[in-house]
Amino acid sequence: IQGGSFADRVQKDGPLTVPETRKVVGEVASALQAAHAKGIVHRDIKAANVLWDVESGRALVTDWGIAALDPTVDLAPETRLTKTGVFIGSPQYMSPEQLAGDEVGSETDIYSLGQTLFALLTGKPPFSGSTPLEIFGKVLLSEAPKVGAINPDVPKPVEDLILQMTLKDRDLRIQTPQKVLAKTREVLTERP
């Protein structure tokens, strides 16, 4: 794939514009929608795992190596890829339930996509630290900074969308990629 990851692109060129971000998030949400429909949870959505295909102009979700089957999907236990309590992923983008070792579902990928949206618009993930343990603590206990405080070009409705995607309580979070797509179309439109 020519173009590299969005993590590379943001590091080199700075944050994406709101219209660029709309396209990327929409394409990632569409990929997650297809995966979730088959009971697959990615578990490691982040800017480094979304590639920019220069040829097609599309964002492509990669690195499905730690994907798991959604526990709410009726499958035999022997078909599961990992078990509850297994810690796998990138701490800055992991959901609180994933860090706690709980079962993961579509809302886990939604959380990570919200963290990715933050990173695309600001150039950095909302939580960082010198050790993984420090990052874990921040993800579990701290409120993320407001995206608008870092990038004042981000409109308030986009900031609200990120908040809805990254609520610590998974039951209050946006639950499906379809809802992310609808909200993305609503709030990430180009404004004069």
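Both Arg-173 and Glu-97 are buried, where buried means under 20% relative accessible area, exposed over 50% and partly exposed in between (1.4 Å probe, protein chains only). The model is predicted: local features need pLDDT of at least 70, side-chain atom pairs count only at pLDDT 80 or more, and totals for chains, interfaces and linings use all residues. Residues are numbered from 1 along each chain as its sequence is written, and side-chain values use heavy atoms, with hydrogens and water left out.

**Exercise 1.** Determine how Arg-173 and Glu-97 interact and where each is located.

*Solution.* Step 1: the closest N and O atoms of Arg-173 and Glu-97 are 2.8 Å apart, and the two form a salt bridge (a side-chain nitrogen of Lys or Arg within 4 Å of a carboxyl oxygen of Asp or Glu). Step 2: this pair links distant parts of the chain, 76 residues apart, with Arg-173 in the loop between helix H7 (156-165) and helix H8 (177-187) and Glu-97 in helix H3 (residues 96-99). Helices are DSSP runs (H or I, at least four residues), numbered from the N terminus.

**Exercise 2.** State how many salt bridges a search of the whole structure finds, and describe the one between Lys-46 and Asp-44.

*Solution.* Step 1: the search finds eight salt bridges. Step 2: the side chains of Lys-46 and Asp-44 meet at 3.8 Å, N to O, in a salt bridge. Step 3: Lys-46 and Asp-44 are both buried.

Notes:
Helices (H or I, at least four residues) and strands (E, at least two) are DSSP runs, numbered from the N terminus.
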